[in-house]
Amino acid sequence: MLLTGRGGTLACTRLRVLKLQKMGLTGAIPAALGRLASLRVLDLSKNWLRGRVPPELGGLTNLERLALAANAALHGALPAELGDCARLERLDVSRCARLCE
């Protein structure tokens with residue numbers, strides 16, 4: 001995955017932890033996060049994310065912890081592809097009342 005900003009482009013091929021809790025993030029969870037193959041921890045909790053959890057997150061085969069808690073506008077079923085995250089030990093979807101509807 002490439003992140004582009006004012007400083008140029010950054011390849012995130014070895015990123016292991018991405019904690020973006022309480023950052024005021026809005027909109028959908030980017031499907032491109034599923035290309036961060038080395039990611040072990042993804043924390044997107046306590047933001048304003050909405051929509052469905054993208055099935056591409058199932059590509060995070062090294063993922064151990066996924067935190068989506070307190071994103072009340074997330075909805076729909078969790079994608080079956082999350083089952084491909086064989087190392088996933090903790091999934092936090094607390095305070096996401098519309099998730100799994």
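Reader: In which loop does arginine 40 lie?

Author: This is a predicted model, in which local features need pLDDT of at least 70 and side-chain atom pairs count only at pLDDT 80 or more, while totals for chains, interfaces and linings use all residues. Residues are numbered from 1 along each chain as its sequence is written, and side-chain values use heavy atoms, with hydrogens and water left out. Strands are DSSP runs of E with at least two residues and helices runs of H or I with at least four, numbered from the N terminus. On that basis, arginine 40 lies in the loop between strand S4 (26-27) and strand S5 (41-43).

Reader: Which residues gather with Arg40 in a patch of positive charge on the surface?

Author: Arginine 40 has a relative accessible area of 33% and is partly exposed, a class lying between buried (under 20%) and exposed (over 50%), with a 1.4 Å probe and protein chains only. A patch takes residues with over 30% relative accessible area and no salt bridge, like charges being joined within 9 Å, where a salt bridge is a side-chain nitrogen of Lys or Arg within 4 Å of a carboxyl oxygen of Asp or Glu. Lys and Arg count as positive, and the place of an Arg charge is taken as CZ. The residues that gather with Arg40 are Arg14, Arg16 and Arg87.

Reader: What is the order of the strands in the open sheet of three strands?

Author: The protein chain has zero helices and nine strands. Two strands pair if DSSP finds at least two bridges between them, and S4 and strand S6 (residues 48-51) pair in the parallel sense over two bridges, with glycine 27 opposite leucine 49 in S6. The open sheet, with parallel pairing, has the order S4-S6-S8. Its edge strands, each pairing on one side only, are S4 and strand S8 (73-74).

Reader: What is the phi of lysine 46, in the loop between S5 and S6?

Author: Most residues other than glycine have a negative phi. Lysine 46, which counts as partly exposed at 38% relative accessibility, has a positive value, as does alanine 70 in the loop between strand S7 (65-67) and S8. For lysine 46, phi is near 55 degrees.

Reader: What distance separates the C-alpha atoms of leucine 78 and valine 53?

Author: Leucine 78 is placed in the loop between S8 and strand S9 (90-92), and is partly exposed with a relative accessible area of 25%. Leucine 78 and valine 53 are 25 residues apart along the chain, and their C-alpha atoms are separated by 6.3 Å.

Methods: Patch = residues over 30% accessible without salt bridge, like charges linked within 9 Å, V, L, I, M, F, W, Y side chains within 5 Å. Areas by Shrake-Rupley, 256 points an atom, 1.4 Å probe, with all protein chains shown as cover.
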